[in-house]
Amino acid sequence: MSDHHWKKIRDVARSLFKTAPAPEHADADLNLQVAQNLFSQAVKLGQTGKIDDEISIYDDLVRRFGDRSEHELIGVLARGLCNKEALLGSLGRFDEQLAAFDDIERRFARFPLQSPFGEITAKNLLRKSQTLRQLGRFNEEIAALAEFDQRYAREPFPALRQMVGACLLDKGVALARLNRFEDELAVYDEFIERYGQDSTLEIRKLLCIVFNNKGLRLEALARPEAQIAHCDEITRRYRDDAATMEKELVAFSLLRKANSLHALQQIDAASATLGDIAQRFGASEQTALRELVAQALHQQGLLLANAGKFDEAATAADGVARHAGPHAALGLRVKIASGLIGKGSKLAAVGQIAEGLAVYDEIVARFGDDPAPPLREKLARALFNRGLLFSQLDRAEEAIASHDDLHRRFADDPSPALREIVVMDLLNKSANLLKLQQADSALLIFAEVDQRYGQDEDPKLRVHVASSLFKKGRLSNLLGRQDQAIAAYADLDQRFAHDNVPEIRSMVADSSVEHAKILEGRGMATEARAIYHTIVHRYAQDPAPGMRQLVAWIKALPHTPGGNA
């Protein structure tokens with residue numbers, strides 16, 4: 001084939017090539033495809049746990065396409081950068097995460113808010129503030145929140161308005177973490193000024209939190225007057241609001257107002273405010289409001305009980321039981337019972353015995369059938385005190401009836417406090433039996449005390465058991481039953497001679513002296529001297545003044561060790 005022929009073929013072939021430059025979109029499409037493939041590859045690596053490799057690919061995306069201007073390509077880049085930032089945070093690489101926040105800001109802040117990239121910028125700034133909070137870098141968090149507020153506070157979009165409000169609230173909380181309480185309060189006031197009339201649900205929720213936070217801060221700062229004014233503003237604003245969250249806010253604010261009034265010693269006003277809560281919200285079926293009503297009634301009842309208004313306090317206690325159950329009212333009922341016992345004691349102390357008895361009768365009427373252990377103890381104390389008052393009036397038969405009532409109710413109760421009350425009451429009953437010349441019945445009481453409590457290791461009960469043995473010996477001696485007296489004294493000595501309770505040691509020593517005197521009266525001087533010798537040996541080094549006096553008295557006796565004989 002001639003050269004001319006080949007030349008023609010080459011010309012034809014050359015004519016088949018498109019020698020003009022390719023359209024620009026072909027290169028862009030190829031870049032987008034590469035970027036998308038890289039992004040997908042990064043995600044897959046992350047799903048298999050290769051986080052560092054995933055981050056490396058995102059960095060490669062930035063190196064390759066970070067300067068491109070195509071919208072879709074920028075979108076892939078943005079997703080990669082956001083994923084990288086989140087991964088760095090999850091790995092605890094916070095300095096790198098903060099750098100990633102700044103990189104996102106630098107690349108996308110130029111876009112308008114309405115664009116997807118503008119939204120990314122806004123959310124990026126919020127996430128940065130949250131990371132700074134987690135790191136405890138509160139001053140920097142505040143700066144980020146302030147920047148968000150400055151940028152977006154005038155934007156008309158409802159969703160962004162909510163985000164700005166949340167940032168303002170977070171700023172107040174961050175200031176509180178730095179103990180900048182005045183600045184915190186100023187932020188809350190600014191929030192109320194900006195959003196106080198906003199009717200959207202999300203802003204209303206934030207506003208309730210702001211009002212609540214401000215109240216908490218005023219309470220913590222012990223500013224009762226400012227707290228009262230704040231609570232009054234809340235009540236005026238929401239007095240006719242039917243929404244649950246606003247109702248709860250009003251109830252909480254009234255509770256705080258009552259606390260502030262109490263702090264200012266305005267007790268009647270505090271009680272009235274607590275009663276206002278019950279009146280406003282007492283019919284509510286909402287659990288939270290019922291609990292708040294119960295709390296208010298409980299506080300009101302305590303105030304009334306402290307003021308001696310026990311009937312009104314009892315009404316409040318009934319309200320607590322209705323709203324939160326009988327157990328919730330227990331503390332208030334115990335307070336009422338304690339207050340009544342105190343009232344009865346004060347009346348008796350100033351000689352108003354009949355009035356004191358009436359108070360104890362009221363306690364029995366109110367709480368006689370209450371099974372709660374704390375109230376059973378209060379009831380036992382009231383019956384014990386009532387028996388004492390009858391004794392003071394020399395109304396021994398009525399006193400014994402009161403003793404028997406207490407015994408019937410509480411004799412078998414295992415509570416240590418009630419066991420002590422019962423044994424003391426038994427010993428008081430023995431005294432009233434003696435007033436009625438029923439000595440044998442009194443001796444039976446002493447035997448019952450020993451039978452019930454003789455093996456108890458409680459020091460308080462041991463004192464009463466020792467006392468019953470001592471009184472048994474003394475009464476037997478007075479009745480001329482000297483053998484029984486000697487047996488009681490010997491029993492006391494055998495069981496309690498080495499007891500370290502001072503009161504018991506004193507009773508053992510006194511009983512030994514009386515034992516010795518009985519023996520002396522029978523002409524058994526040697527045996528009596530042996531007892532005196534034992535007393536001196538036991539108690540010569542006892543530090544108690546009474547015991548030293550007793551030892552000195554014995555030594556001064558004739559025919560005793562160390563005596564005058």
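Gln-437 is placed in the loop between α20 (416-435) and α21 (439-453), where helices (H or I, at least four residues) and strands (E, at least two) are DSSP runs numbered from the N terminus. The model is predicted, so that local features need pLDDT of at least 70 and side-chain atom pairs count only at pLDDT 80 or more, while totals for chains, interfaces and linings use all residues. Residues are numbered from 1 along each chain as its sequence is written, and side-chain values use heavy atoms, with hydrogens and water left out.

The phi of Gln-437 is positive, near 60°, in a residue other than glycine. With a relative accessibility of 73%, Gln-437 counts as exposed; here, buried means under 20% relative accessible area, exposed over 50%, and partly exposed in between (1.4 Å probe, protein chains only). A positive phi, of about 55°, is also found at Ala-222, which is not a glycine. Ala-222 belongs to the loop between α10 (201-220) and α11 (224-238), and its relative accessible area of 61% makes it exposed.

The overall form of the chain was examined next. Its secondary structure comprises 26 helices and zero strands. The radius of gyration is 44 Å, whereas a compact globule of 565 residues would have a value near 24 Å; this radius is taken over C-alpha atoms, and the globule rule is 2.2 Å times the number of residues to the power 0.38. Along the principal axes, the C-alpha atoms fill a box of roughly 170 × 60 × 40 Å. Of the 565 residues in the chain, 44% are buried. Among contacts (heavy atoms within 4.5 Å) with a separation of 6 or more, 58% join residues 24 or more positions apart.

Nonpolar cores are sets of buried Ala, Val, Leu, Ile, Met, Phe, Trp, Tyr and Cys residues joined through side-chain atoms within 4.5 Å. The largest such core has 137 residues, and Phe-148 and Ile-336 are those with the most contacts inside it. Apart from this core lies another of 25 residues, including Ala-35, Leu-45, Phe-108 and Phe-117. When residues up to four places away in sequence are not counted, Ile-336 touches Ala-305, Phe-310, Ala-313, Ala-314, Ala-317 and Phe-367.

The buried residues of α15 are Phe-310, Ala-313, Ala-314, Ala-316, Ala-317, Gly-319, Val-320 and His-323, and their cover includes α14, α16 (330-349) and α17 (353-367). Gly-325, with a positive phi near 95°, follows α15.

Leu-303 is found in helix α14 (residues 287-306) and, at 9% relative accessibility, counts as buried. Beyond residues up to four places away in sequence, Leu-303 touches His-262, Ile-267, Ala-270, Ser-271 and Leu-274. The C-alpha atoms of Leu-303 and Ser-271 are separated by 6.8 Å, although these residues are 32 residues apart along the chain. Ser-468, in helix α22 (residues 459-478), is buried at 1% relative accessibility. Its contacts, with residues up to four places away in sequence again not counted, are Leu-427, Phe-446, Val-449 and Asp-450.

A search of the whole structure finds eight aromatic pairs. Rings of Phe, Tyr and Trp (its six-membered ring) pair if their centres lie within 6.5 Å; planes under 30 degrees apart count as stacked, over 60 as edge-to-face and the rest as tilted. Phe-111 and Phe-117 form a tilted pair, 4.8 Å centre to centre with 50° between the planes. Phe-117 is buried, at 3% relative accessibility. The pair formed by Phe-191 and Tyr-195 is tilted because the ring centres are 4.7 Å apart and the planes lie at 50°. Both residues lie in helix α9 (residues 181-195), four residues apart, about one turn of the helix. Phe-191 is buried, with a relative accessible area of 1%, as is Tyr-195, with 2%. Ring pairs also link Phe-108, Phe-111 and Phe-117 into a cluster.
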